[in-house]
Amino acid sequence: MTPMLRLSPQQMDLLARVARERFVQRAGRYFATLWPAMVERLGDRFGAFIDLAVQHAQKHGLAEGPCVARYVNLWFVWGPAFEDKPGFEWARDILADPRRSEFTKPHQLVRRTLDELERQQAARGNRPGQAGGLSPSDFNAADERVVRDLADLGRLGDVVPSRRDVPRLSCDIEAIDIGTIACEWRHEYRCTERDWARVPVAPLPRLRIDDPATPAPGALTVLSHAEGQGELARLQVKLRSVAVCDVDTHPRVAFGGEHGLWEWRGHEATAVSWPVQAPPTPPLPPADAARLTGIATEWPPRIHTLALSSCGLRDHGAPLGEVSTHVLSYPADQWLLEWRHAARPAATWPDSAARPAPPSAACRLERDGIAQDARGWQAGFAALHEAFDAAMDQLLLAWERTSGAAQARLDAEPALLAGQAGLTWGWREGPRGLAESPLMRLEGWLDCIACGLDLQLSGEIALGGSRARVRLHAKGSTPLRTRVQRDRAEPPLPEVLANAKVAFRYPFELDVDPLAVPELAAFYPAAPLTGALVGEAGLRPRLGGSGVQWFLTLRVEPVATTVLIHDPILGDKLEPRPLLPALTLLDWSLG
């Protein structure tokens, strides 16, 4: 393997200086043949003249060989540092404008010089041969030769010269108009008095780009469908040019992405449109899935590139140049979900034979007006009842173990998200249309009992020679009736959903009925009971991902009291008595 040559910073600096000297020497030799009268006039100072002209070119941000050479050539027309002299404010404005590119500055200086020379020639009575006058045609020919002959001069300071062809014809885009067409199929669900209607989406404002001081947005938003999943939006671009160098080359419109590269040039690029595909909507989970990932989920867009280009040269003013941006396509699907869910009949544990079957949820799911399979959502509500049954088994076991209750029994009458609700969601463009990031729209209403419980644990407890029938009872019902509306980026989603969930706390109450025993002992509660059933229910941001989910949590705060044991022989005794430990009974979510 050939070892790689490594140069120190000092050596690189030396090479750059040598390259610059070579650059200046070659430019000097060339201009000596182009302007022999100036060589005769300056004599030994000619080399310093060229070097100073190159320094000024550098000061104005010019480094490409032909660009530097065109500027140096103007010193032979207007004199050294002409841009700093009175009457040449036009040159100073061109060179100081950061919106003009390195190639635009010398181009516009040349064009303005031609205008000035034509004016001077007209003032002389169109006598180009008059002494002291340079004809526009002679100067134009000289500029053309400089661009052609010094195309391989390289970039100032580069060790290895390169060739750079510089355009001399004006070619720039004056205005760009971008919008979407063929979107009559776009509709959204809107809620009116709990009835849902599909209404057309208003046409979006078109994007106009015609000011170099205002750059194009970093990304454009298009809502469409994936191939085979619905109609496609079409992105339309219209261009108006200041001038065109070659009708077969410019302007140019290029659209790239997973499809490859589509390109239009010349006349066909002045007004063109094409279909834009969105990423495919992920398939729905199977019907027996207990969890879905479907409410307002923000899947990533498909990324495309859009480039609108010309030579980026115009004779006057700042050019628009090349406009390049990304096009982000999002699924235009608009979803609707409605459900109705009844409260459960009263049930007893551990007697499963006498336990009625829980009700099934009625679910309606639509996408863009077409009914979808909603069995996954029904399975999710069925999973809520299965989880509740398992929670009651767990609670009954904890009651037996902690309290010591014999013949333990649990009676419950639950209403878990019992009622009805409707939600619609889907991507929507912002007020500025294509030029703004889209928003995941969410709208709906909830009218249900978030959690209603009438729960009783019972059994017999023997304590210090006494026995009693004990009942631990908690009861409560928390409604959830609200509207959800998210149609703008602020406030953020968690704040929008703050009113779409409720917290509840149902304290336990304790009843003790002493049972007769031969020892005549008995126990009674001697202090307030602590502990409660607590939880939350409603809508929340999806845990571990984007979107929204229904949820219901249920926990037990530790339940305990202090009992007084009365014994006719041994006397009275206070004893702390735990009845239930801290438990997480239910942590259910859907969506």
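## Close-up views of a predicted model

**View 1. A salt bridge between Arg 486 and Glu 298.** The side chains of Arg 486 and Glu 298 meet in a salt bridge at 4.0 Å, N to O (a side-chain nitrogen of Lys or Arg within 4 Å of a carboxyl oxygen of Asp or Glu). This pair links distant parts of the chain, 188 residues apart, with Arg 486 in strand β18 (residues 466-486) and Glu 298 in the loop between β9 (271-276) and β10 (302-309); helices (H or I, at least four residues) and strands (E, at least two) are DSSP runs, numbered from the N terminus. Arg 486 counts as buried at 11% relative accessibility, whereas Glu 298 is partly exposed at 38% (buried is under 20% relative accessible area, exposed over 50%, partly exposed in between, with a 1.4 Å probe and protein chains only). The model is predicted, so local features need pLDDT of at least 70 and side-chain atom pairs count only at pLDDT 80 or more, while totals for chains, interfaces and linings use all residues. Residues are numbered from 1 along each chain as its sequence is written, and side-chain values use heavy atoms, with hydrogens and water left out.

**View 2. The salt bridge of Arg 375 and Asp 373.** The side chains of Arg 375 and Asp 373 meet at 2.8 Å, N to O. Arg 375 is partly exposed at 48% relative accessibility, and Asp 373 is partly exposed at 38%.

**View 3. Helix α4.** Just after α4, Gly 79 takes a positive phi of about 100°.
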